[in-house]
Every structure is written in structure tokens, then in C-alpha cells.
Amino acid sequence: MGDLYTKPQAKAGSIRRGLSPNIFSQAPITEVNNGGLSEGFGLIDDFLSFNDESPWISTAATAGTATLADAKGGVLELDCASGTSGQGIQIQYGGATGAASFVASADSKIYFEARIKVTDISTGIMEVFVGLSEVDTTIIDSGANSSANHIGFELVDDNLEIDFHSESGGSRSSSANVASIADGTYVKLGFLVEGVSKVTPYVNGIAKTAISTNIPTAALTPSLVCQSGGSSVDPIMSVDWVACYQAEQIAN
């Protein structure tokens, strides 16, 4: 177990199903998971069970469902259940009242990764977000991200190219085309937020171009969206797991 988190990988980080060591090698996962809360906080959800009211809250945009699949190891299916643009489903961690706990600061690091695949996507007509966002029941609205504070991977351009964005107070910085998505193929999407001056996206454990501006300091929570982009395309996002940890010695 120790090797998983302490040995970064110089090459492909996608050989295994689990967390990418290149992201999590310095994360205090073992300490936090064993009660060492002075080192930080966080979660891993492998979706062996799911309740759409706690700790995740699901919100449908006219259509959409979030249900467990019959799959080994636990998989949550976000089915937009519609071929109409803007209709689908999103989930946010924090419970039915809406809550966010991850707040970047100069003395913190935030580690995030999710393993997902999207099926029935044809030419890429879909609206997808994977990352951290402020509490917002309509993260993607009218074909664009409506959240004023977020960090994550996004696909709304009717193609198969994934972009990465960091937005603070409505001002956004981007790293375009960090990866391509293939129908029905799992991909690990993650990032490391270092203080308030750098966020590096990772695709299958491999670092992409970092962003150094517009890193939000608002409270954020793990968030995923799967909506149709129209043209009768009905995408389904399978979420194998989500992990998010913040390393920080929080003052009382």
C-alpha cells in the first residue's frame, strides 16, 4: 500500500485501475484514512453503494438518472436519458443541502482524480464536466459552464477533445485539448492544485500543461456532469471512482 502512494511513475500512469501515483505520491491518504486529520481531509468513493441524497446530491436537467451498474468493483452510471441539448444529470458531493469543503490556500495542496468512460457519444455531441465546482445545480447551462468557480475537465464543443479549465470569480484560464475521449474507453482525469498559483492537469497519470492564473479560492466540491449536446445523442458516463484530498494543517 505504501508503494502506491510514494512511488511516482515516470511513464504511463494508466497501467492500473487505481489512483495515479504521479498525482497522489505526496498526498496524506494513509494518514487521513487512519484518523490523522491534522494532515488534511478527503475521500475515495468506489461506488459500491450510492444514495442520491447523501453524500452525493443528483440533479436532473429535465431528464437523467444516477444509478449503480451491475459491475465488479462498483460503477455509477450517469445517464442523461435524453437526446435533447442541455438535458441530463449531474452529481455533487456534500449532501442534499449543498456543501463544499475544498478551499485552496497558499499552504494547501488539493489532489483530485476520477476514472470515467462515456458511451454512445458518436461524434462528441455531449456536455461533460469532471472536477471541482462551487455548489451549483446547473453547472453546464445553455452549452457553457455557468459555475463562477471551478477546476476541471470539460467537453462541450461537439468534438472528442477534452479541455481543462480553472475559473475564479468568473475569470477563466484554460489548457485546450489535453486529451481525446474514445467511446466506451476508461480514462483517468486528475489534477494537482499547489497553493493558489499552480494547477496541473493529468490524463491517465501523465502531466499536461499547467495553469498559473484564475485558481479559485472559493469552496469547491467534487462534481460530475453528463448531458446531451443534442442531435438525439444520449451519452452515458460510467464513473468507476472519484478521489479528492486536501493536504493542509487547518488552524482551529
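S166 stands opposite S173 in strand β12. Strand β11 (residues 161-168) and β12 pair in the antiparallel sense over seven bridges. Two strands pair if DSSP finds at least two bridges between them. Strands (E, at least two residues) and helices (H or I, at least four) are DSSP runs, numbered from the N terminus.

This is a predicted model, where local features need pLDDT of at least 70, side-chain atom pairs count only at pLDDT 80 or more, and totals for chains, interfaces and linings use all residues. Residues are numbered from 1 along each chain as its sequence is written, and side-chain values use heavy atoms, with hydrogens and water left out.

**The sheet**

- β11 and β12 form a hairpin with two residues between them. In the turn, G169 has a positive phi of about 60°.
- Seven strands form an open sheet, in the order β2-β5-β16-β7-β10-β11-β12. Their pairing is antiparallel.
- The edge strands are β2 and β12 (171-180), and each pairs on one side only.
- From one strand to the next, the twist averages 15°. Axes are lines fitted to C-alpha atoms, for helices over the stretch in contact, and angles run from 0 to 180 degrees between N-to-C directions.
- Eight bridges join β7 (residues 126-133) to β16 (residues 221-228).

**The cores**

- A nonpolar core is a set of buried Ala, Val, Leu, Ile, Met, Phe, Trp, Tyr and Cys residues joined through side-chain atoms within 4.5 Å. Buried means under 20% relative accessible area, exposed over 50%, and partly exposed in between (1.4 Å probe, protein chains only).
- The largest nonpolar core has 45 residues. Those with the most contacts inside it are L78, I116, F191, L224, M237 and V239.
- Strand β6 (residues 109-119) gives the most to this core, with five residues.
- A second, separate core of 13 residues includes Y111, L192, Y202 and Y245.
- Which residues does M237 contact, leaving aside its neighbours within four places in sequence? Among them are L76, L78, I116, V128, F129 and L224. Contact means heavy atoms within 4.5 Å.

**Aromatic rings**

- Rings of Phe, Tyr and Trp (its six-membered ring) pair if their centres lie within 6.5 Å; planes under 30 degrees apart count as stacked, over 60 as edge-to-face and the rest as tilted.
- By this rule the count comes to eight aromatic pairs.
- W56 and Y93 form an edge-to-face pair, 5.1 Å centre to centre, with 85° between the planes. W56 lies in β2 and Y93 in β5, so the pair ties together parts that are 37 residues apart in sequence.
- W56 is buried, at 0% relative accessible area. Y93 is partly exposed, at 25%.
- F47, F50, W56 and Y93 form one aromatic cluster.
- R115 lies over the face of Y186, at 4.0 Å from the ring centre. A charge sits over a ring if NZ of Lys or CZ of Arg is within 6 Å of the ring centre and within 35 degrees of the ring normal.

**Backbone exceptions**

- Most residues other than glycine have a negative phi, and most peptide bonds are trans.
- The peptide bond from S54 to P55 is cis, with omega near 0°. P55 is in the loop between β1 (40-45) and β2 (56-61).
- A81 is not a glycine, yet has a positive phi of about 50°. A81 is partly exposed, at 41% relative accessible area.
- S142 is not a glycine either, and has a positive phi of about 55°. S142 is exposed, at 73% relative accessibility.
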